[in-house]
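Here is a short tour to read alongside the sequence and the structure.

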Amino acid sequence: MIHRVGNAYLVECIKAMRSKSAYVGPVLVVVMAAFAPLMQPIREDSASAYAFVAFATPMALNLLGLLLILTYCAGLVSSETSNGTIRMILVRPLHRHEFLIAKLLHGMTYAALLTVLVALATWSIAALRGKLDGVEYGGEMLYTSTHMIAMYGLGALVVLLPQFAAVSYALMLSTLVRSTGAAVGAAIGIWIVLDAVKYPLHVAPFLFSTYLESPWYVFTMNSEGIDASWTPELYYCLATSLGSIVVFTAIAIYALRRRNIQS
Amino acid sequence: MAACVQTESFAKCYGSVVAVSGLTMSVQEGEVFGLLGPNGAGKSTTLYALCGLIPPTSGTISLFGKDLRRNFLDVSARIGVMVERPSFYNHLSAKRNLQLLARLSRKEVTVDRALDRVGLLHLGGRKVGAMSHGMRQRLGLAQALLTEPDLLILDEPTGGMDVESTQEILKLLRFLADEAKVTIIFSSHMLHEVETLCDRIAIMNQGRLLACEETDRLISYDTSQADVLIDAPEAAAKRLKEQPWVQSVSVLPGRVRVVLNGGSVHQLTTFLIGAGYRISGVLPKRRTLQDYFVKVLHS
């Protein structure tokens, strides 16, 4: 199974690398990070540089990045269904759930790539225009640069989980809806509606989308010289994200296994 | 010969619509089997089910003696499929498309050989988006041949191709069946294609199998009717009308067309020679697949 999923994943990556549209997202997040100093200027002090990173990263990832992930992943299966290429694939020695897992891994790779690019872009800009020697207060070193990098790295790792949950959510809709346009519309539309009603309906604590900012909380507070704790938000973030990945993937697999792949 | 494809009471329903009902049939190894029927007969549904793209509502499908659903990986590694209009990634070249599909196959494959077989080797670098419909059809066949399959499932493989390409493809399929002993299940609206290619033909309508016969038997000569090339057609016709074993006689330039009523062509020629007529030829009526097709559908 691992071999088959690996081959299917490789096929997905080759297809994406040869498609111009796959490059749009990565370019856009880097451009957004590049323009972030216009909204959060960097002064010649270290606190300002870290504050910029703490501002620009969630902004690029949660505003634009998430939209790009939803758009990209909602097209992963629906595009194959609508143009008929799924028929060529599913008559090969590959189970339908293996095909979906390969798609999921591909979507996760895309999300991870966006995160890495945003991280590289924001830290590069901060390093070029400010100082990244650690966070000082009144001449006293509160957090060293190593500590700040570690907190950021940990945040970036944790933020992958809600992003992966977003990937599995979009992939589920991509499996349920045959048209790419409708799948993308449904993914973004449902997301917006849920975001608007989750607090009035008191369901916010159970949705992974509530915790998209949580992974950056400690880094953001530290960049302002304030101590902060990962708990309990981190646990909620992990639990809701992992739960969502499992549920959405299971629904997608169930739907695809029952699907008549016919034109 | 062992059955390569076997369906037992296969049925497929879409809600209340019955696409295929209780289909039981078998295709032997090395056989070229044609599926005929009007639109909505259930041909495509049957072919889609045979390659695992749609699950049956009831009944079983076995390929190479193994249940398709339980042994999908083993079975699918041995089949090549081309269903309706083949779809590819338009932004990639023909060769790249096949290379990607080859990665998903278990067997060692040679992409160039598959392209060469369908006459597309020189166009391997061309993007699929820039290919004509006929070229895509041929590429579709190339991807089906990619793994040198033991069973080919083809749904209207020559649709949209020009006459020359169609002939080449039919020749290739016949070669695969004769030389490589590939079993082929083939559906087409073109009766002459099915007639040329298939060893056995099944006719479906409204989801049911109406008939399944060997092609040679279907299109053999009809001995109940013959054209006799004769020196005096009018006089001969007059004599023939008096015979009880003759149903009807019509006179045509230089010949009589005789429909026999229990008599044989041998009896007819013996009678005419005995009566002093000079016969230069006897042409028994050749049945066409179209005749049979129409007859089965109307019955």
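The side chain of Arg174(B) makes a polar contact with the side chain of Asp199(B), at 3.3 Å. A polar contact here is a pair of N or O atoms within 3.5 Å; within protein, one must be able to donate a hydrogen and the other to accept it, and residues adjacent in sequence count only if both atoms are side-chain atoms. This is a predicted model, in which local features need pLDDT of at least 70 and side-chain atom pairs count only at pLDDT 80 or more, while totals for chains, interfaces and linings use all residues. Residues are numbered from 1 along each chain as its sequence is written, chains are lettered from A and ligands numbered from 1 in the order in which they are written, and side-chain values use heavy atoms, with hydrogens and water left out.

**Around Arg174(B)**

- Arg174(B) sits in helix 6 (residues 163–178) of chain B; helices are DSSP runs of H or I with at least four residues, numbered from the N terminus.
- A polar atom of the Arg174(B) side chain also lies 2.6 Å from the backbone oxygen of Leu197(B).
- Not counting residues up to four places away in sequence, Arg174(B) touches Val32(B), Leu197(B) and Asp199(B), where contact means heavy atoms within 4.5 Å.
- Is Arg174(B) buried or partly exposed? Its relative accessibility is 22%, so Arg174(B) counts as partly exposed; buried means under 20% relative accessible area, exposed over 50%, and partly exposed in between (1.4 Å probe, protein chains only).

**Helix 1 of chain B**

- Helix 1 (residues 43–50) of chain B has 8 of its 8 residues buried, so it is largely enclosed by the rest of the structure.
- Among those buried residues are Lys43(B), Thr46(B) and Tyr48(B).
- After this helix comes Gly52(B), with a positive phi near 85°.

**Cores and domains**

- The largest nonpolar core has 171 residues, and Leu63(B), Leu139(B) and Leu173(B) touch the most other members. Such a core is a set of buried Ala, Val, Leu, Ile, Met, Phe, Trp, Tyr and Cys residues joined through side-chain atoms within 4.5 Å.
- Helix 3 (residues 46–83) of chain A supplies the largest share of this core, 19 residues.
- Apart from it lies another core, of 17 residues, including Ala236(B) and Leu272(B).
- Beyond its neighbours within four places in sequence, Leu139(B) is in contact with residues including Phe88(B), Leu115(B) and Met131(B).
- An automatic or database domain assignment divides chain B into domain 1 (3–218) and domain 2 (221–287), and their C-alpha centres lie 45 Å apart.

**Helix 7 of chain A**

- The buried residues of helix 7 of chain A are Ala183(A), Val184(A), Ala187(A) and Trp191(A).
- Seen down the helix axis, these fall within an arc of 105°, so they line one face of helix 7 of chain A; the arc is that of the directions from the axis to the C-beta atoms.
- On the other side of the helix, Gly181(A), Ile192(A), Val193(A) and Ala196(A) are exposed.
- At the start of the helix, a side-chain oxygen of Ser179(A) reaches to within 3.4 Å of the backbone nitrogen of Gly181(A).

**Ser168(A)**

- Ser168(A), in helix 6 (residues 145–176) of chain A, counts as buried because its relative accessibility is 1%.
- A polar atom of the Ser168(A) side chain lies 2.8 Å from the backbone oxygen of Ala165(A).
- Leaving aside neighbours within four places in sequence, Ser168(A) is in contact with Leu104(A), Ser244(A), Ile245(A), Phe248(A) and Thr249(A).

Definitions and conventions. Helix = DSSP H or I, 4+ residues; strand = E, 2+ residues; numbered from the N terminus.
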